[in-house]
Amino acid sequence: DIDCDFKKFIYLVSNKDEKREISFATTLGYLMHSFKTSANNKAVILNDETISENPNGGSGKGIFWNALSKVKRVADINGKSFSFEKSFPYQTVSADTQLLVFDDVQKNFKFENLFSIITEGITLEKKNKDAIKIPVNKSPKILITTNYTIGGVGGSFERRKWELEFSAHFSSKHTPLNEFGRMLFDEWDNTEWLKFYNYMIRCIQLYLTNGLVAYDFQNLEIRKFIKETSFEFYEWSNEDVIKIGERMEKNYLYNTFVEDYPDWRKFNLSQKRFWQWIDKYCDFNNIK
């Protein structure tokens, strides 16, 4: 029952839903608690609930991980410029880093490249210095923020991910400053800081009592479907073009789509790939 700005912030970005709010709180607790093994370690992924071809961000994901930087040693990596192929990609990470943030990663981020870090630990290599291997139980936990869907399907991906959807309450037009009348963290007095630390401790208690609490996602499955097909196909498939229970010619469906979205003809969308999208559509809608 702690009343503080940050708790209110979590309530708002969880869409004012009690179960989602608890899920956000236990995720904070998980990221603050240091214990982990290769069996229970997950990368936390923060995404937006809003479906858009060109998402703009501003939903509060940065504030979420900045709150963690007030209680843990955090290293952040610019996701827009990060590449796994670069020499020494983890230059900003130290042996005592507790949380590694990939901030604002792009559309084709290769999440599978983090599998070994999640299950085995991280190797730190810096110029003109010996490599340091940090085992998984001492390596930093991983948090990823993105405006897109992190790709990959199957058990290997799912057991290594823990995803949160941020509501559309905050945006570039309505910021936390508009909501609270002061900057979070920067304009707090001692009383607000004490409330904040008490709330964060409460999150750890919730995590230790309940583990990571799941909730029903609003649009995560839709975003995964878009990731596996395209935003245009998602729009098109919702226009009642595909008639359930009726015989439909594949060529008709393909030609209808490329006529409605001629850019895909320019992109040389193959019929084989389009049939795969139809299969994904059927799986997504539980249609035989």
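# Charges, cysteines and backbone in a predicted model

A negative surface patch is formed by Glu-235, Glu-239, Glu-259 and Asp-260. The model is predicted, and a count over the structure gives 13 salt bridges, whereas a search of the whole structure for disulfides finds zero.

**Negative patch**

- Asp-260, one of the residues that form the negative surface patch, belongs to helix 10, which covers residues 250-260.
- With a relative accessible area of 41%, Asp-260 is classed as partly exposed, because that class lies between the limit of under 20% for buried residues and that of over 50% for exposed ones.

**Cysteines**

- The search for disulfides returns zero for the whole structure, and for Cys-4 the reason is distance, because the closest cysteine sulfur, in Cys-203, is 8.8 Å from the sulfur of Cys-4 and therefore too far for a bond.
- Cys-203 is likewise in no disulfide, the sulfur of Cys-4 being the nearest cysteine sulfur at 8.8 Å, while the cut-off for a disulfide requires the two sulfur atoms to be within 2.5 Å.
- Cys-4 is buried, with a relative accessible area of 2%, and Cys-203 also counts as buried, at 0% relative accessibility.

**Salt bridges between separate parts of the chain**

- Asp-48 and Lys-61 form a salt bridge in which the closest N and O atoms are 2.9 Å apart.
- This pair links distant parts of the chain, since Asp-48 is in strand 1 (residues 43-48) and Lys-61 is in helix 3 (residues 61-68), 13 residues apart.
- Both Asp-48 and Lys-61 are buried.
- Another salt bridge joins the side chains of Lys-80 and Asp-104, with an N to O distance of 3.4 Å.
- Lys-80 sits in the loop between strand 2 (74-78) and strand 3 (99-105), and Asp-104 in strand 3, so the pair ties together parts that are 24 residues apart in sequence.
- Lys-80 is exposed, its relative accessible area being 57%.

**Strand 7 and helix 8**

- Glu-163 and Lys-224 form a salt bridge, with 3.6 Å between the closest N and O atoms.
- Because Glu-163 lies in strand 7 (residues 161-166) and Lys-224 in helix 8 (residues 220-228), the pair ties together parts that are 61 residues apart in sequence.
- Glu-163 counts as buried at 8% relative accessibility, and Lys-224 counts as buried at 13%.
- Glu-163 and Lys-224 are also linked with Lys-161 and Glu-221 in a network of salt bridges.
- Leu-164 likewise lies in strand 7, and at 1% relative accessibility Leu-164 counts as buried.
- The C-alpha atoms of Leu-164 and Phe-6 are separated by 17 Å, and these residues are 158 residues apart along the chain.

**Positive phi angles**

- Asp-240 has a positive phi of about 60° although it is not a glycine, and Asp-240 is placed in the loop between helix 9 (231-237) and helix 10.
- With a relative accessible area of 52%, Asp-240 is exposed.
- Asn-286, which is not a glycine either, has a positive phi of about 55°, and Asn-286 is found in the segment after helix 12 (271-284).
- Asn-286 is exposed, with a relative accessible area of 73%.

Note on methods
Residues numbered from 1 in each chain as written. Predicted model: local features only at pLDDT ≥ 70, side-chain atom pairs only at ≥ 80, totals over all residues. Heavy atoms only, no water. Patch = residues over 30% accessible without salt bridge, like charges linked within 9 Å, V, L, I, M, F, W, Y side chains within 5 Å. Areas by Shrake-Rupley, 256 points an atom, 1.4 Å probe, with all protein chains shown as cover. Salt bridge = Lys/Arg side-chain N within 4 Å of Asp/Glu carboxyl O. Lys, Arg positive; Asp, Glu negative; His and termini not counted. Charge placed at Lys NZ, Arg CZ, Asp CG, Glu CD. Helix = DSSP H or I, 4+ residues; strand = E, 2+ residues; numbered from the N terminus. Buried < 20%, exposed > 50% of the residue type's maximum accessible area, 1.4 Å probe, protein only.
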